[in-house]
Amino acid sequence: MPVVKQVDARHLIRDALVLDLGDLRRQAQEIIDDAERRAAALLADAGAEAKRLVDGAHAEGHAAGLEQGRADGLAEGRETGRAAAYAEGAARSADVGAAWAAALDHWERHRAEMLFAAREDVVALATAIAEKVIFRAVAADPTIIEDQLAE
């Protein structure tokens, strides 16, 4: 079991990276909501433009133009919103991926250091316990003990 010294703990806590998947879901929902608002604005703009163009036309032309304007605005708004949400989501995903990779690399480097320190601490503890039990100084070859710990 690794031993984390108090000095190391302060350093680890200070450099800790906390990721909350709830925040990522909330951010994704905000992106989608923003895209839907943009789509609605585009749809409203398209509807207004269609109305202006067909105001003087016959009733049949008016109805057909309004319907076409709405359909075009909705399709364009959806496509624009999807593209914007996808681009922003992809950028954020890349940032999160990079942060995870950096955190994993940091953990892997420090894990080896902690295991080495733990082996040294176990050897020191075993020697101290042996001295207390037999009431004498113990001479031990740490490499033999470390080999046994490795097994």
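Residues are numbered from 1 along each chain as its sequence is written, and side-chain values use heavy atoms, with hydrogens and water left out.

The secondary structure comprises 4 helices and 0 strands, where helices (H or I, at least four residues) and strands (E, at least two) are DSSP runs numbered from the N terminus. The order of elements from the N terminus is α-α-α-α.

The mean pLDDT (the predictor's confidence in each residue, from 0 to 100) is 78 for the protein, and 78% of its residues reach 70 or more. Confidence is highest in helix H3 (residues 59-134), with a mean of 84, and lowest in helix H1 (residues 6-14), with a mean of 60. Where pLDDT is low, the predicted coordinates should not be read in detail.

Of the 151 residues, 10% are buried, a term denoting under 20% relative accessible area, with exposed meaning over 50% and partly exposed in between (1.4 Å probe, protein chains only). The protein exposes about 11,700 Å², of which carbon and sulfur atoms supply 60%; accessible areas come from the Shrake-Rupley method with a 1.4 Å probe, and for residues only the protein chains shown count as cover. Among contacts (heavy atoms within 4.5 Å) between residues at least 6 apart in sequence, 66% join residues at least 24 apart.

The C-alpha atoms of Arg38 and Thr80 are separated by 8.3 Å, although the two residues are 42 residues apart along the chain.

Methods:
Predicted model: local features only at pLDDT ≥ 70, side-chain atom pairs only at ≥ 80, totals over all residues.
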